[in-house]
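Welcome, and thanks for taking a look at this one with me. Here are some notes to read alongside the structure.

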Amino acid sequence: AAMKGMLAPTFKESLLGHAEVRQAIHVPNVGTIAGCYIQDGKIVAISPQWEGNCRTRVDVTGKIVSPGFIDIHTHSDTCPFSAVFPESKVAQGITLEIVGNCGVSAVPILPSCQAEQTAYLRKISEIPVPEEAVRDASVQKYAAHVAQTGYPSHLGTLIGQGTLRAGIVGFQDRPLTPSEMEQMKFLLDDQLNQGALGLSLG
């Protein structure tokens, strides 16, 4: 985040000059032409005036500098493990995606239903789903797995109700027993405690 109302220090790594600055919260320079000063990969100051040195200066006249966008409904659960690079996400400025929507998520995948889950995800996915994409039994393991891929945006995951159910009874079309329902609830609670954002239905 930019330092509110603060002039840039005397040296910065990079300057994005003549940018139209827009931010999610009100600051004095919103919607004005200003310089964005970058240090260690972060915008550290925004100011229409600059007195100091920069290693790199980039004139971005006619461009907008804004916070990254959040895509709250995606099905990119297995994208980090695919060879398909998400150019469209990068081009749109999306920096956070919420996955696990519509009752289907890539986690938790229990060994008892891994083969069926993999087949199902491959059936509904528009991109190839490699074997390694459908293996994580917990949110913590999924997060660590995604972090290894270098995926260009952050992910937050919901837990799919259908994924939970499949982990307990597979794809059987029947009502759950009270015991199976308790197992699903316990599994969901465990994932929420590990950082899942909520439950999705579909």
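1. A word on the model. This is a predicted model, in which local features need pLDDT of at least 70 and side-chain atom pairs count only at pLDDT 80 or more, while totals for chains, interfaces and linings use all residues. Residues are numbered from 1 along each chain as its sequence is written, and side-chain values use heavy atoms, with hydrogens and water left out.

2. The chain overall. You will find five helices and 10 strands; these are DSSP runs numbered from the N terminus, with helices (H or I) of at least four residues and strands (E) of at least two. Of the 202 residues in the chain, 41% are buried (under 20% relative accessible area, with exposed meaning over 50% and partly exposed in between, for a 1.4 Å probe and protein chains only). Among contacts (heavy atoms within 4.5 Å) with a separation of 6 or more, 69% join residues 24 or more positions apart.

3. Helices H4 and H5. The axes of H4 (residues 161–169) and H5 (residues 178–193) come within 9 Å and cross at roughly 125 degrees. Axes here are lines fitted to C-alpha atoms, for helices over the stretch in contact, and angles run from 0 to 180 degrees between N-to-C directions. The two helices are therefore oblique to each other (under 35 degrees is roughly parallel, over 145 roughly antiparallel, 65 to 115 roughly perpendicular, and the rest oblique).

4. Who meets whom there. Gln-161, Leu-164, Arg-165, Ile-168 and Val-169 of H4 meet Glu-180, Gln-183, Met-184, Leu-187 and Leu-188 of H5. By class, this contact has six nonpolar, two polar and two charged residues. Nonpolar covers Ala, Val, Leu, Ile, Met, Phe, Trp, Tyr, Cys and Pro; charged covers Asp, Glu, Lys and Arg; the others, Gly among them, are polar.

5. Helix H2. Which residues of H2 (residues 114–124) are buried? They are Gln-117, Thr-118 and Leu-121. Seen down the axis of H2, they fall within an arc of 100 degrees, so they line one face of the helix; the arc is that of the directions from the helix axis to the C-beta atoms. These buried residues pack against H4, while Ala-115 and Lys-123 are exposed on the other side of H2.

6. Two spots deserve a look in the loop between strand S7 (94–99) and H2, where Pro-108 is found and Cys-102 has its place. Most residues other than glycine have a negative phi, and most peptide bonds are trans. The peptide bond from Val-107 to Pro-108 is cis, with omega near 0 degrees. Cys-102, although not a glycine, has a positive phi of about 60 degrees; Cys-102 is partly exposed, with a relative accessible area of 38%.
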